[in-house]
Every structure is written in C-alpha cells, then in structure tokens.
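Dear colleague,

I am handing over the structure that we spoke about, and I would be grateful if you could look through it alongside the notes that follow.

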Amino acid sequence: MSDQTRVRDLLEERAAAMRAGNADRLVADYLPDAVTFTLAPPLKHTAPEVHDAEALRAWFATFASAVDYEIRDLEITVNGRLAFCHSLNRMSAVPQGLTEPFDLWFRSTVCLRQVDGAWRIAHEHTSTPFYMDGTFSAALDLKP
C-alpha cells in the first residue's frame with residue numbers, strides 16, 4: 001500500500017470517527033506535540049488540549065443529531081516521512097434546541113509525520129473565509 005493511500009485511509013477513518021462521535025479515535029491520531037488551528041477559539045491549540053477527548057465528547061453532546069462529515073477534493077503530497085494534505089470539508093448537525101441542521105463547508109490543511117511506520121497528525125488547520133465587504137462575517141453560505 002502506498003503512503004498516499006495510507007494517509008487517505010487515515011483521513012477517511014477520521015471522517016468516519018466524526019460521524020460516529022468517536023472522540024478517543026480522533027485524538028489518538030495526533031502526535032504528542034501536535035498543534036491545531038481549528039474553527040473554534042482560541043487561535044491555537046496545543047497539548048494537552050489537542051488530546052482532550054473529554055472536551056471533544058462535550059462538543060459532540062451539543063448536537064441533537066450525529067455529526068455528518070465529508071471530505072472533498074482531497075489532495076495529498078508525500079515526501080519521505082512527511083505528508084501535506086488539503087481539502088474542502090463539510091460538517092452538518094442539528095444543534096441542541098434546534099430542529100434544523102447547519103451545513104458548513106470549510107477549508108482543511110493537515111500535515112503528518114510518519115513515526116514508527118504510522119502516519120500521525122503533526123499540524124491541522126481549519127478555516128472559513130470571511131466577507132471582506134466591511135461586515136467581516138464568516139462566509140458560511142459557500143459551497144464547492
């Protein structure tokens with residue numbers, strides 16, 4: 001199996017873990033020194049926050065439905081023991097107290113290192129664009 005395939009499989013397994021609400025599986029993919037820049041504040045997340053499965057479980061509990069999660073247009077570059085990926089991802093769920101789901105497309109960049117033969121996440125960055133028309137509101141209506 002090629003390294004590209006192994007990285008793709010890892011990211012697809014993570015998407016399945018999001019849909020299943022499997023917090024332990026999601027945090028297990030991060031290296032001990034991983035840094036993430038996620039959609040949620042603060043600007044930067046480091047260990048032990050990145051590895052906090054309980055916080056992730058609490059986030060899943062804010063939804064009245066399972067989280068639907070999709071990765072689209074995934075591009076993977078592997079060079080030795082490093083891999084770089086970018087994609088457009090979709091997340092949808094019904095927040096507690098509401099009846100309709102939100103549907104959000106966002107950008108994702110993931111950098112991985114191969115350690116002891118396994119690909120692990122060293123850095124992850126997710127973001128939504130914002131309108132530069134003076135409102136500075138998140139562009140939550142964009143779709144690929």
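This is a predicted model: local features need pLDDT of at least 70, side-chain atom pairs count only at pLDDT 80 or more; totals for chains, interfaces and linings use all residues.

**Hairpin and sheet**

Strands E5 and E6 form a hairpin with two residues between them, and in that turn aspartate 116 has a positive phi of about 50 degrees. Residues are numbered from 1 along each chain as its sequence is written, and side-chain values use heavy atoms, with hydrogens and water left out.

Two strands are taken to pair if DSSP finds at least two bridges between them. E5 and E6 run antiparallel and are joined by nine bridges, with glutamine 114 standing opposite tryptophan 119 in E6. On the other pairing, strand E4 (residues 82-93) and strand E5 (residues 102-115) also run antiparallel, joined by 12 bridges; alanine 83 has leucine 112 of E5 as its bridge partner, and methionine 91 stands opposite leucine 104 in E5.

Serine 108 is found in strand E5 and counts as buried at 6% relative accessibility, where buried means under 20% relative accessible area, exposed over 50%, and partly exposed in between (1.4 Å probe, protein chains only). Leaving aside its neighbours within four places in sequence, serine 108 is in contact (heavy atoms within 4.5 Å) with Cys85, His86, Ser87, Asn89, His125 and Thr126.

Histidine 125, in strand E6, is partly exposed, with a relative accessible area of 32%. With its neighbours within four places in sequence again left aside, the contacts of histidine 125 are Phe37, Arg107, Ser108 and Thr109. The C-alpha atoms of histidine 125 and threonine 36 are separated by 5.8 Å, although the two are 89 residues apart along the chain.

**Aromatic residues**

The structure holds five aromatic pairs, where rings of Phe, Tyr and Trp (its six-membered ring) pair if their centres lie within 6.5 Å, and planes under 30 degrees apart count as stacked, over 60 as edge-to-face and the rest as tilted. One of them joins tryptophan 59 and phenylalanine 60, whose ring centres are 5.1 Å apart with the planes at 55 degrees, so the pair is tilted. Tryptophan 59 also forms an edge-to-face pair with phenylalanine 63, at 5.0 Å centre to centre and 90 degrees between the planes. Tryptophan 59 counts as partly exposed at 30% relative accessibility, whereas phenylalanine 60 is buried at 12% and phenylalanine 63 is buried at 10%. Trp59, Phe60, Phe63 and Phe102 form one aromatic cluster.

Finally, phenylalanine 136 is found in the segment after strand E6 (118-127) and counts as exposed, at 57% relative accessibility.

Methods:
Helices (H or I, at least four residues) and strands (E, at least two) are DSSP runs, numbered from the N terminus.
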